[in-house]
Amino acid sequence: MDKIFPLSGKPIVVIGPMACEIEYIASRLDSPREVNFGGYHFTVGTVDDYPVIAARSLIGMVNSAVTTALAIREFDPAMSIIQGTAGGHDPERHKNDMILGERLVELGNFYTPHRDEGRRTRIEDWYTPGEEIMTDEGIRRFTTLFSDEELLEAAEETPYNAGKLVRGTIGSADLWNKEIDRIGYLHRIFESDAEEMEGFAVAQVCMEFGVPMIDIRIVSNSELYPEEVFSEDAGVICQEYVYRVIRHMIEKK
């Protein structure tokens, strides 16, 4: 893969699932215009005279994969940034900590052993296929992906003061886990810092099309700390930081 910096002039695509995870960035674009493909919404504009596209993917792995594929086909971006809120897994992560997803894992990928009717499987009996799967056709299917190192470094260079800024592991699945035992199990198996519902799907599509990507998530809530409840304000804090990351990336060009 070619080095990203200096940027090629191709747009930076920023994806956010919910309104509270993308509207701030969309509002900061100069000369904005709206583009829709089906139910998927893109705001096309500029930041510091550089093309930037804010995409609202809607929630979930399928929606984020469709949004990413559309963005790549229609706009031929230099990079993709998936960002937004996430629920904490690691007891050391607290609300408003910002996690740069160095490692991305698929939390919904498990095998379960056979059990006769009436016998339940304990979560401890579940097992994962490893970091990649070889299908019958000999095609490799990855279950662990990674954000681009250059993008991680650019994000690390961008100041953040609302909480800790750390590299970590972000898990994705169409799940919203609130069971403490399940959260603890996922953290032990995957070393996950937080969970969300989109990042891995974005990474998989970007990998297939050779587009560098990064997953940036703010811990918006944690079942491990009942007082740390979800707030849409966290999504805005994340966008404010990501907007600064974008400006820093443009400066690097």
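This is a predicted model: local features need pLDDT of at least 70, side-chain atom pairs count only at pLDDT 80 or more; totals for chains, interfaces and linings use all residues.
Visitor: Moving on to Glu150: is it buried or exposed?

Guide: Glu150 counts as buried because its relative accessibility is 18%, and the cut-off for buried is under 20%. Glu150 belongs to helix H3, residues 149-156.

Visitor: Which residues is Glu150 in contact with, leaving aside neighbours within four places in sequence?

Guide: Those contacts are with Lys3, Ile4 and Phe5.

Visitor: Now the rings. How many aromatic pairs are found in the whole structure?

Guide: The search finds five. One of them joins Phe37 and Phe75, with ring centres 6.3 Å apart and planes at 65 degrees, so the pair is edge-to-face. Phe37 lies in strand S2 (residues 30-37) and Phe75 in helix H2 (residues 61-75), so this pair ties together parts that are 38 residues apart in sequence.

Visitor: And which residues form an aromatic cluster?

Guide: Phe37, Phe42 and Phe75 form one cluster. Phe75 counts as buried, at 16% relative accessibility.

Visitor: What is the arrangement of the rings of Tyr160 and Tyr241?

Guide: Their centres are 5.3 Å apart and their planes stand at 65 degrees, so the pair is edge-to-face. The pair links distant parts of the chain, 81 residues apart: Tyr160 is in the loop between H3 and strand S10 (165-172), and Tyr241 is in helix H6 (residues 233-252).

Visitor: Are Tyr160 and Tyr241 buried or exposed?

Guide: Tyr160 is buried, with a relative accessible area of 9%, and Tyr241 counts as buried at 0% relative accessibility.

Notes:
Residues are numbered from 1 along each chain as its sequence is written. Side-chain values use heavy atoms; hydrogens and water are left out. Helices (H or I, at least four residues) and strands (E, at least two) are DSSP runs, numbered from the N terminus. Buried means under 20% relative accessible area, exposed over 50%, partly exposed in between (1.4 Å probe, protein chains only). Contact means heavy atoms within 4.5 Å. Rings of Phe, Tyr and Trp (its six-membered ring) pair if their centres lie within 6.5 Å; planes under 30 degrees apart count as stacked, over 60 as edge-to-face and the rest as tilted.
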